[in-house]
Amino acid sequence: MNEHLPVCVALQETHLKPSCTSNIRGYSILQKNCNTGERACGGVALLINHATPFSPVLIRTSLQAVAVQVSIFSAVTICNVYLPPNAPLNFRELQELIDQLPSPFILLGDFNAHHLLWGCQDVNSRGKVVEKLLTELDLTLLNDGSNTYFILQLNHLAPLICPYALHHCY
């Protein structure tokens, strides 16, 4: 992050408890946690570079989602979503979320949706819902057919995160 200084970083499955306050040097954090009793689960966060003017976007949804409007050359809304694989997903719920986002917007996250359109080898029901969303709402998919995930070994990731994390909770 220090080398590239991204405007915004989207994280899914943060597994943070509500009592956890994270501080990453140079970034403001907007997060929505998910908890079942004492156990943290799921969750999303957006890290916004301090050099970037921004304002949170209030969204009313039961989905694990956060949104922010950043000013780069002009204002753009970034919405980060995590849809757990065991939770039901329906078209209307995603459409209601999108209806609340100021345009132009980028909707990204972990949808746990499989479809050939974004490089998967199979299509699941969630993939069909997202495909319908793209078609009916005339949205553009920003993917060249490459895989949308990769697996990191945490022992290789830790040195990248640790210099920035001042407080870490699970």
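N112 is partly exposed in this predicted model, with a relative accessible area of 23%. The residue lies in the loop between β7 and α2, and its phi is near 50°, a positive value in a residue other than glycine. Most residues other than glycine have a negative phi. D138 belongs to the loop between α2 and α3 and is exposed, its relative accessible area being 68%.

The backbone also contains a cis peptide bond, which joins S103 and P104 with an omega of about -10°. Most peptide bonds, in general, are trans. P104 is located in the loop between α1 and β7, the latter element covering residues 105-110.

The largest nonpolar core comprises 22 residues, of which I59, C79, V81, L83, L94, L97 and F111 touch the most other members. Two or more residues of this core are contributed by each of the strands β5 (64-71) and β6 (75-82) and by each of the helices α1 (91-99) and α2 (125-136).

When residues up to four places away in sequence are not counted, C79 touches I59, A65, V66, A67, L97, L101, I106, L107 and L108. C79 is buried, because its relative accessible area of 0% falls under the 20% cut-off. C8, by contrast, counts as partly exposed, because its relative accessibility of 22% lies between the limits of 20% and 50%. The structure holds 0 disulfides; a disulfide, in general, is a covalent bond between the sulfur atoms of two cysteines.

The average pLDDT is 79, and 76% of the residues score at least 70. Among the elements, strand β4 (residues 54-57) has the highest mean pLDDT, 96, whereas helix α3 (residues 154-161) has the lowest, 40. Over residues 153-170, pLDDT stays under 50, and the model has 19 contacts beyond four places in sequence for this stretch.

Technical notes
Residues are numbered from 1 along each chain as its sequence is written. This is a predicted model: local features need pLDDT of at least 70, side-chain atom pairs count only at pLDDT 80 or more; totals for chains, interfaces and linings use all residues. Side-chain values use heavy atoms; hydrogens and water are left out. pLDDT is the predictor's confidence in each residue, from 0 to 100. Helices (H or I, at least four residues) and strands (E, at least two) are DSSP runs, numbered from the N terminus. Contact means heavy atoms within 4.5 Å. A nonpolar core is a set of buried Ala, Val, Leu, Ile, Met, Phe, Trp, Tyr and Cys residues joined through side-chain atoms within 4.5 Å. Buried means under 20% relative accessible area, exposed over 50%, partly exposed in between (1.4 Å probe, protein chains only). A disulfide is a pair of cysteine sulfur atoms within 2.5 Å.
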